Amino acid sequence: MKIRYKDKIIEVEEQITIQDLFEEEIEKRKYPVIGAIFNNQYVNLSYVLKEEGEVKLIDISSKEGTKIYRRTIIYILGKALEKVCPNRKMIVNYQLPNSMFCEIEEMKITEELIQELNNEMHQIVKKDLEIKQVIMTRKEAERFYQENDISKGRLQLDLQDNKEIFMYYCENYYNYCYGTIANRTGVTKIFEIIKYDDGFLVRYPSSSKPEQLPKLIQTKKLAWALNEYDDIHKILDVNTVYKLNKAVEEDTIQDIIMLDEALHEKKIANIADEIAKSRNVKMVLIAGPSSSGKTTFAQRLGIQLRINRIKPVTISVDNYFVERKNTPRDKNGNYDFECIEAIDLNLFNDHLTRLLNGEEVEIPEFDFHVGTKRYNGKKLKLESDQVLVIEGIHCLNDKLTSKIEKDQKYKIYISALTVLNMDRYNRISTTDTRLVRRIVRDYQFRGYDAKHTIATWHMVNNGEEKNIFPYQEEANSIFNTSLIYELGVLKGVVLPLLQEIKQEEPEYAEAKRLMDMLKYFETIPAEYVPTNSLLKEFLGGGNFKY
């Protein structure tokens, strides 16, 4: 066989694992290699090469490498827990910066328990144990589940199209991961378990600094928002894909949808009430990462503000870009439109100050074709019963509105903070939910195919990590735009778009990973989605203008 690696062709006479074939290359890499891509599919290093193709090694300094690292750490945690606390059920609840929040049912988390888990996990890592993927037929899997009376990975069996059922073994411990994990425990040396609220955090490195634990960032507001949403859906008994699918099969999904949408409306109304209570607030600033549903949220918030006798007036930060010749450039020499210095901060703050003082201001309109502001007679004056509503990536950064007093500003951070799990150990990433939303929106309204959206997604994420996430705790309120049922609806639109990506294209790896996740969702008819739902911003056909 001929195996391509970088600019080389390697002749292979017989079947061989990626680990064995690239042993020398793996040894000399700066950062530990944790997985690979073969013919644009994610695999681990124990994957046996049975056909010709191209191999790319994944180390822990890449985004995908970090995901594999995180999944492997959770797997090792499960093994450690089984020894330290046999028969106890753990659930991986949600993700915080470079950490996962976990709980153990009906068990008080003590410092002694945390120390035991840490010690056991470090022992497992130190032994550098093999993690072996075992493949079973459906009949073998059915017998396996009957004999062991477990639920780990059982969702695979519920999908009739799955002819093979996978399980990962490490010594006598078995579990399943909906995604690639490492083939050995020794690659995940850097981590820690710390007590946090009623559970604990599993902390791990970032891709930017893969060989050290980052400083613990306190994100109490974000954690509170996730906890609140998670608790509500536990009450509804819809916190896993299995339970969501059950609601579809039993024809109770419309009740779930109505309750989920009612939760959104109640939270938006509460935020509007809070703004109304503060007589000094004259400016509402809204920020959130891509595909959070900011546009719909702003319009729904506007309705609730009107109920409180407050009239919202929108002003766009995009009209205040500096002249093109003054636009900063990134390290590659390209215009950096996402950095805050790309905004004419002096002019923007001057106009805001004058508006809050009751003066009339002529608002510019930015001509993106030639890169200049134009004044076309659009004038604005803020009345006593009006508030400015401003939406943009820098809205939580005080530098954007540096000349405005703090008590005159009300900041809102919004994001699709997913609390739905595949099962107890496998959660669905918030980033994946947003990516699915963006693929659908880009196709529906922007003329981009799924390949383009996936190819540019890393640049979107980089901008968010720099300009949005560091400021989320500055918000007065955090609004979770996630809907527990949304992936069941979006599946019907996004799967055909993902299937258009060919295996020889590099974007196929991510497309395949998303398809493998979405296949476990029962399809929910799009007509079940209310016309005022945030989801309509991506599906179309809603009440609001975009």
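Student: How do the residues of the lining of the largest cavity divide into nonpolar, polar and charged?

Tutor: Bearing in mind that this is a predicted model, the lining of the largest cavity divides into 5 nonpolar, 2 polar and 2 charged residues.

Student: Which residues are they, the ones that line the largest cavity?

Tutor: The largest cavity is lined by Ala-225, Glu-228, Tyr-229, Leu-263, His-264, Lys-267, Ile-478, Phe-479 and Asn-480, and at least two residues of that lining come from each of helix H7 (220-235), helix H9 (253-277) and strand E23 (477-480).

Student: How much space lies in the largest cavity, and how many cavities of 30 Å³ or more does the structure hold?

Tutor: The largest cavity holds about 80 Å³ of space, and the structure has 5 cavities of 30 Å³ or more.

Student: Switching to helix packing, at what angle do the axes of H14 and H15 cross?

Tutor: The axes of H14 (residues 486-499) and H15 (residues 508-518) cross at roughly 145° and come within 10 Å, with H14 passing H15 in a left-handed crossing.

Student: Which residues meet there?

Tutor: From H14, Leu-487, Lys-491, Val-494, Leu-495, Leu-498 and Gln-499 meet Ala-511, Leu-514, Met-515, Met-517 and Leu-518 of H15, and the residues of this contact divide into 9 nonpolar, 1 polar and 1 charged.

Student: And the whole protein, how many helices and strands does it have?

Tutor: The protein has 16 helices and 23 strands, and its C-alpha trace spans about 75 × 55 × 45 Å along the principal axes.

Notes. Residues are numbered from 1 along each chain as its sequence is written. This is a predicted model: local features need pLDDT of at least 70, side-chain atom pairs count only at pLDDT 80 or more; totals for chains, interfaces and linings use all residues. Side-chain values use heavy atoms; hydrogens and water are left out. On a 1 Å grid over the protein atoms alone, a cavity is a set of points where a 1.4 Å probe fits but cannot get out, and a pocket is an open set with protein on both sides within 12 Å along at least five of seven lines; lining residues have an atom within 4 Å of a point. Grid points are joined across faces, edges and corners, and a volume is the space filled by probe spheres set on the points. Helices (H or I, at least four residues) and strands (E, at least two) are DSSP runs, numbered from the N terminus. Ala, Val, Leu, Ile, Met, Phe, Trp, Tyr, Cys and Pro count as nonpolar, Asp, Glu, Lys and Arg as charged, and the others, Gly among them, as polar. Axes are lines fitted to C-alpha atoms, for helices over the stretch in contact, and angles run from 0 to 180 degrees between N-to-C directions. A crossing is left-handed if the near helix is turned anticlockwise from the far one by less than a right angle, and right-handed if clockwise. Contact means heavy atoms within 4.5 Å.
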